[in-house]
Structure formats: C-alpha cells, structure tokens
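I opened this entry to record what I looked up in the coordinates.

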Amino acid sequence: MRKGLFITFEGPDGAGKSTVIHHVGEKIKQNGAHLLITREPGGIEIAEQIRQVILKKENTAMDSRTEALLYAAARRQHLAEKVIPALKSGIHVFCDRFIDSSLAYQGYARGLGIEEVYRINEFAIDQYMPDITFYLDVPPEIGLKRIEKHHGREVNRLDLESLDFHQKVREGYQLLIQQFPERIIVIDATQSLEKVVQDVYEHVEKVIRE
C-alpha cells in the first residue's frame, strides 16, 4: 500500500490556515482521495488537554522553554496516535501547524534559537517531517485585524502578544523558507480566499497524482 502524504499548513496568526485547509480538503475528497484533517496542538484528547494549558490566556507566567517542551509533547502524542497510523494506512494528512510553528514562534520569536528548538522536536517527531508545507504569508497587521473581526475564532494567549512578537514570527518563517526551499511552498494569503484555495489545490493535486 502506498504511504499517505503528510502535508502541513503554516503561517502567522490570522493567515487563514483553517479556512483554506477546509476548502482544499473538500475539493480533494471530491476527487476520491482519502484525507484526514487535523491540527496542532491538539487533534486527539491528550494533545487537546496540553493545548488548553499552552494557550490559556491566564497562563502568562509560562516559561518559554516550558512552552516549547509542551508543544513538542503534544506533537509526539498526536503523531503517534493519529498521524502516523493514517499515513501508514495510505491516508493523506492535512495538518494545521507542525514543527515549523515551534521553530518560528519559540525558536525565533521567543529567542530560544531555531536549532535548539529543532533538537527538542527531533526526539518528538522521530524523523517524521512533512512531504510538503504550505506557508500562507500575510503581514501581521493584516492577520491580527482578521482575528479581531472573526468573532467566532478562538482567541488564545499567543494572539495577545505584541505586534513586534508577531513580526518576529514572520521573520522566523522567512528564515525557514530559505532553509527548506524544497519543502516549503509560499502562498500569498493577502489574495482572495478563492485564489488562495485554488493556488494550494493545484499544488496538492499535482503531488497526489505523482
């Protein structure tokens, strides 16, 4: 049986990842592909419990290293319990955030160091890296305004960080794009939703057919 594709979606807060994943996923399923859509941190019960601790707005005293370790722990459980079994069964997986988020947010924006945070996650992911990563790029000013207007969206501890922090997150992603150009595909997320969905879908369909 052919192994499923592991496709992750990254971007600053407010980039529209969840919406794009939903729309692209529907189009892929209509074509008959077996697809699992999930998210980080979360996706399964244990990881969702860790998510509540990480993103709870009141947990402002959380140390940056604690934050990075909790993300890695949630990631490991999610992989072991949900993602890896799906991939081995030939199911494609769309995941809203993965290791690149930790590298950009904790590694770069928090100042822990991209290499240091990568080493923490090496143990967690056990060499399970995405086949493709879509980076939905949007300036933090636009992303944060989208969050303010989206009243149904969960507002978490990271959303409340300063504009400077979110700018650093975007800078961190730019470094990762330079480091992994063969894996990360940049999508302009300031375009209309229809255009973003179409851009992503065309890339995904091509890879699935190969």
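Predicted model: local features only at pLDDT ≥ 70, side-chain atom pairs only at ≥ 80, totals over all residues.

Of the 210 residues of the protein, 49% count as buried. I then took the accessible surface, which comes to about 10,300 Å², and noted that 51% of it belongs to carbon and sulfur atoms.

**Fold and dimensions.** I counted 8 helices and 5 strands. Read along the sequence, I noted the pattern β-α-β-α-α-β-α-α-β-α-α-β-α. The radius of gyration is 16 Å, close to the 17 Å given by the globule rule for 210 residues, so the protein is as compact as a globular protein of that length. For the C-alpha trace I recorded spans of about 45 × 35 × 35 Å along the principal axes. I also looked at contacts between residues at least 6 apart in sequence: 81% of them join residues at least 24 apart.

**Charges.** I found 28 positive and 32 negative side chains. The centres of the two sets lie 2 Å apart.

**Helix α4.** I asked how many of the 11 residues of helix α4 are buried. The count is 10, so this helix, residues 99–109, is largely enclosed by the rest of the structure. I listed its buried residues as I99, D100, S101, S102, L103, A104, Y105, Q106, G107 and A109.

**Nonpolar cores.** I turned next to the largest nonpolar core, which has 34 residues. Its members that touch the most other members are F6, V93, Y105, V169, Y173 and L176. I found that α2 (45–55), α3, β3 (92–96), α4, α5 and α7 each supply at least two residues of this core. Which element gives the most to this core? I recorded α3, with 7 residues.

I then followed F6, leaving aside its neighbours within four places in sequence. F6 is in contact with V83, L87, V93, C95, F98, Y128, M129, P130, D131 and I132. Finally, I noted a second, separate core of 22 residues, whose members include L5, I28, F94 and I132.

How values were computed:
Residues numbered from 1 in each chain as written. Heavy atoms only, no water. Helix = DSSP H or I, 4+ residues; strand = E, 2+ residues; numbered from the N terminus. Rg over C-alpha atoms; globule rule 2.2 N^0.38 Å. Buried < 20%, exposed > 50% of the residue type's maximum accessible area, 1.4 Å probe, protein only. Contact = heavy atoms within 4.5 Å. Areas by Shrake-Rupley, 256 points an atom, 1.4 Å probe, with all protein chains shown as cover. Lys, Arg positive; Asp, Glu negative; His and termini not counted. Charge placed at Lys NZ, Arg CZ, Asp CG, Glu CD. Core = buried A, V, L, I, M, F, W, Y, C linked by side-chain atoms within 4.5 Å.
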